[in-house]
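Here are my notes after going through this one. Have the structure open beside you while you read.

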Amino acid sequence: MHASPVLTPGPRLLTALAGAQLLVALDFSIIYVALPDIGGSLHFSTIALQWIVSAYAIFFAGCLLLGGQLADAFGPGRIFLAAQLLFAASSIGAALSDSAAPLIAARVGQGVAAALLVPATLGLLSAAYPAGPARDRAVSVWGTTGAVGLALGVTAGGGILAAASWPWIFWINLPITAVCLLAAGRALGPTEGRTHTPVATSATFSACATVVAVVLAFTELSRSNPSTPVMATSIVTALAAGALLVHSQRRRRPLVPGSLLRVRTLQVACVVAALYMASFGAEFYLVTLYLQDVRDYSALAAGIAFLPLAATIVVGNTLAGRLAGRIPLSRLLATAFVTGAAGLAVLAVAVGLHSGYATGILPGLLLSGLGQGMAFTGMFITGTRDLPPQSNSTGSALVTTAQYTGGSIGLAVLVLLHGEHPATADFTRTFLVTAAVATAAAPLALALLARDGHAPTTEQHPTTPSKTRAGGQQ
């Protein structure tokens, strides 16, 4: 195994890492307000519009573990560079698309690029910042950028559509990519020795195929007349790919090393990450459609309506970064999810009563934003705290894989629930479902972390100084 890179933490490196996270989050959410324009321009059906979002999220989730293994094998700096270049090329392809198929293909390319970029980014972060307060602060900045990117993406999308056409939501990626590459500087150099350890490519593509097939099945169910052949093919593919994935996990080079699967904090982070994206992640989709389809907001107005959400996400991220070393992680995560769930419940009530923006929607956005900001930072601090140094990228990728797999399946279920032409009652029901999912994460975090009663030692992680995990003692 190669030695960890010697990196100097500083504002330039943190700018590059935070910028990469902004790029990934922005490209996930900026698409939402543009969906009606893209659908009309490229002749997407209402149900097929979901695939503009899901094509990115599914391949992002499916290829993350491959990205993590590549980053651990060849060095996060090299993979960071390759991912940024692929992201730029795919963004150009998306902007130039003149029909549905090329756009979906370009979104797949962006998803694969993001899958390489996130574990490389977290690998560089873990190498530069030692576990403890320094890393917690860096993860807080990184998490703030990502969570705000999810919210500001909607606002930015609205502003771009008000001033230009939808292809510009992809052109905007190019200057961000350039800034990240320039800021990263020496971190992209060959500071690590290349290894010849094989990566689990077949298992990775099996995982991706499983997720694609499951989401396709739910998408087809959402139609008024589901196709039996499509449903049957999806189910058979999911079962076959899932069986192959289970079989590959027993081989000499499994998709996820067994030692990582036994890290309790990583297990907890994966569970809550899936629930996070299935609840808070779906909020962007639901609120955007509700404001534009039911309330008749313009794309710009819908984007501006998200600004308070972005502001409270920053507050939540900052608060979580400060509390992470002072209170147990279980309590931090439980508080975050309960707060966010309350906000989603307020949105459900506001939609049902057809309340005004200031009296109903705004309070819901503020509460949910605070909760999801705390949860985003909290779950990544939890997930990265006890990772062995030689598996930083793979372990971090596992958390994000769970996050976006949960988001893809959760979005498909919500589309199934609200149907092809959702009315007010359908939005009320789906907001209540997201509130229930977020609420379920709180007791799970308390219960799972309560079973982790010891702090890591130098024997467990030889290259990591002995430390007591913030919040690890329950």
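**Notes on the predicted model**

1. Start with Asp27 and Arg107, which form a salt bridge with their closest N and O atoms 3.3 Å apart. Bear in mind that this is a predicted model. The pair ties together distant parts of the chain: Asp27 sits in helix α1 (residues 11–29) and Arg107 in helix α5 (residues 100–128), 80 residues apart. Asp27 counts as buried because its relative accessible area is 0%. Arg107 is buried too, since its relative accessibility is 0%.

2. How many salt bridges does the count come to? The answer is two. In the other entry, the side chains of Asp426 and Arg429 meet at 2.6 Å, N to O. Asp426 has a relative accessible area of 15%, which means it is buried under the 20% cut-off. Arg429, at 36%, is partly exposed.

3. The largest share, three residues, comes from α12.

4. What classes of residue make up the lining of the largest cavity? Five are nonpolar and two are polar, with no charged residues.

5. Leu152 belongs to helix α6 (residues 133–163). With a relative accessibility of 33%, Leu152 counts as partly exposed.

6. Two backbone spots deserve a look. Asp296 has a positive phi of about 60° although it is not a glycine. You will find Asp296 in the loop between α12 and α13 (299–305). Is Asp296 buried or exposed? Its relative accessibility is 63%, so it counts as exposed.

7. The other spot is His354, again not a glycine, with a positive phi of about 55°. His354 lies in the loop between α15 (329–353) and α16 (357–384). A relative accessible area of 48% makes His354 partly exposed, because the exposed class takes in values over 50%.

Notes. Residues numbered from 1 in each chain as written. Predicted model: local features only at pLDDT ≥ 70, side-chain atom pairs only at ≥ 80, totals over all residues. Heavy atoms only, no water. Helix = DSSP H or I, 4+ residues; strand = E, 2+ residues; numbered from the N terminus. Buried < 20%, exposed > 50% of the residue type's maximum accessible area, 1.4 Å probe, protein only. Nonpolar A, V, L, I, M, F, W, Y, C, P; charged D, E, K, R; others polar. Salt bridge = Lys/Arg side-chain N within 4 Å of Asp/Glu carboxyl O.
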